[in-house]
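My entries follow in the order I worked.

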Amino acid sequence: MTDLLKKARDYEAKAAAQIEPEERPAFHLTPYVGWMNDPNGFSRYGGKYHLFYQYNPYDTSWGPMHWGHAVSADLLHWDYLPCALACDEPYDRFGAFSGSALELDDGRHLLMYTGVKEIPVPGKKEPDIRQTQCVAVGDGLNYRKYAGNPVISETDLPAGSSPVDFRDPKILRTADGTYLCFAGCRAADGSGDILVFESPDALHWNFRNILFRSRNRIGKMWECPDVFTLDGKTVLLSSPQDIRADQLEGLSGNCALAVVGDMDPDSGRLREEWVQPMDYGIDFYASQSVLTEDGRRVMIGWMQNWDACAERGKDQKWFGQMSVPRELRIKNGRILQSPIRELASHRTNPEAWRGELDGDRQTTPFFRGRTADLEMTIRPGGTGGFRRFEMRFAQDETGSVYSSLVYRPEEGLLTVSRQHSGTCRALLHERSCHVFSPDGALKLRVILDRFSAEIFVNDGVQTMSMALYTGQSADRIGFHSDGRGTLDIRKYDLV
């Protein structure tokens, strides 16, 4: 073990002991201590699910990237393991960036990650950056970096590909035993390519082909690729940077999306059939998936937004959290998402209400809870039906602090907002999406967990996620309408 890895492990164990369980979410993974961003190495190994993550144990801001590590039997309850990787070699001194993992034939666990180094340039104030792909092998607890790292470097790139933006390897194995690595790279035109490399042993790699070229149609650099089959289709998950609102259904900035289609057996390229955002809310990025033991494709994402990282709780000892794991399926030409089914076994204390909405006579109830699972169906009341429906949650006793979900059926618009959550920052606090509800009825499932809200729309046709930092005493959940309609709601506590 290197001195830098030992230093990280010693520090995190001591600092994490100062964080009480109630200071974390109940079932969303947070960093052991300090900063978390992208999920890494989401895999099954040794009878458990392993999830690594981009990690700075020493601060709640982005810094020298390590790999944090946690394991779970059910993808909801996580046990922390010591830091898996530190930036302790010349080729990754600037950071051990994102990557993936799989089990080798000999029973060892292989991690593949991006090593980042700085290269001083005479006459230039700022050094050049180089990103290469590296591997480490271990037993699920301790990992040793390969002596031949990096295994893929700039000399392996096709013409025009950037060695500065070349990262986030997704490794998998084909039926014939060949290892494939999918990596994001910036092309000569500034847009994102997904490159494919192949290897007989996961150590010696050759460039194979370009899986997908974005050609500046959606954003610039495409990060964090993940490739898998789902219901007979090939799916590419990726997270483009610098998206304009006219490129992806009104979303802008850095967003997670899916490209769905078929593989061309001759060229090895993905023949695109459709593209869809993987979340329309404020906080969701860098998604990665795993195939469960019983054959479900489960995805998880970093529930944060690079444009809102200055928003956090006072004296917070950790920053960043993962989404609830989501099961994926394809129906009617769209990927649908639902909270992992194991979550239902943690429901308790059911409450229900069904009745009329009337803006003039507010008869709707209110509930309490910051760790809750709510299912509801909202229907406008025909002619003269409501123009606006609002659910407020994480609301304090005065009613002045809250987050909200607002539905405007005439516009078909659903909006999540934390503008009134107590924030003092002028950051991104609101996002909207057009929902698919021809008759105006809307079906919602809302998952609350102390520091977050995740909304699943119409059985997962769309999702909207956001992090929350309102004090835990703000636990009221209320409903308001402007006009008439009906509301059918079931609410459960989650324990």
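**Entry 1: A286**

I began at A286, which is buried at 1% relative accessibility. I use buried for under 20% relative accessible area, exposed for over 50%, and partly exposed for in between, with a 1.4 Å probe and protein chains only. A286 has a positive phi of about 60°, although it is not a glycine. I placed A286 in strand β17. Strands here are DSSP runs of E with at least two residues, helices are runs of H or I with at least four, and both are numbered from the N terminus.

**Entry 2: ground rules**

I note that this is a predicted model, where local features need pLDDT of at least 70 and side-chain atom pairs count only at pLDDT 80 or more, while totals for chains, interfaces and linings use all residues. Residues are numbered from 1 along each chain as its sequence is written, and side-chain values use heavy atoms, with hydrogens and water left out.

**Entry 3: β17 and its partner**

I looked up the cover of β17, residues 285-291, and found 6 of its 7 residues buried. Next I checked its pairing, which takes at least two DSSP bridges between two strands. β17 and β18 (residues 297-302) run antiparallel and are joined by 5 bridges. Within this pair, Q288 stands opposite I300 of β18. The hairpin has 5 residues between the strands, and G295 takes a positive phi near 90° there.

**Entry 4: S289**

I stayed in β17 for S289. S289 counts as buried, because its relative accessibility is 1%. What does its side chain touch by polar contact? I count N or O atoms within 3.5 Å; within protein one must be able to donate a hydrogen and the other to accept it, and residues adjacent in sequence count only if both atoms are side-chain atoms. The side chain of S289 contacts that of D226 at 2.6 Å. It also contacts the side chain of R297, at 3.0 Å.

**Entry 5: the largest pocket**

A cavity is a set of points where a 1.4 Å probe fits but cannot get out; a pocket is an open set with protein on both sides within 12 Å along at least five of seven lines; lining residues have an atom within 4 Å of a point. Points are joined across faces, edges and corners, and a volume is the space filled by probe spheres set on them.

The largest pocket holds about 860 Å³. Its lining has 32 residues, with I171, L172, R173, V227 and R297 nearest the centre. Elements giving two or more residues to this lining include β1 (34-45), β9 (166-173), β13 (222-230) and β17. Which strand gives the largest share? It is β13, with 5 residues. I sorted the lining into 16 nonpolar, 8 polar and 8 charged residues. Nonpolar covers Ala, Val, Leu, Ile, Met, Phe, Trp, Tyr, Cys and Pro; charged covers Asp, Glu, Lys and Arg; the others, Gly among them, are polar.

**Entry 6: cavities**

I found 3 cavities of 30 Å³ or more in the whole structure.

**Entry 7: backbone checks in loops**

The peptide bond from N149 to P150 is cis, with omega near -5°. P150 lies in the loop between β8 (143-145) and β9. E249 has a positive phi of about 55° and is not a glycine. I placed E249 in the loop between β14 (233-240) and β15 (257-263). At 44% relative accessibility, E249 is partly exposed.

**Entry 8: cysteines**

How many disulfides does the structure hold? I found 0, taking a disulfide as a pair of cysteine sulfur atoms within 2.5 Å. For C181, the nearest cysteine sulfur is that of C134, 11 Å away. C181 is buried, at 0% relative accessible area. C424 is exposed, with a relative accessible area of 79%.

Note on methods. 1 Å grid on protein atoms, 1.4 Å probe; cavity = no way out; pocket = protein on both sides within 12 Å on 5 of 7 lines; lining within 4 Å.
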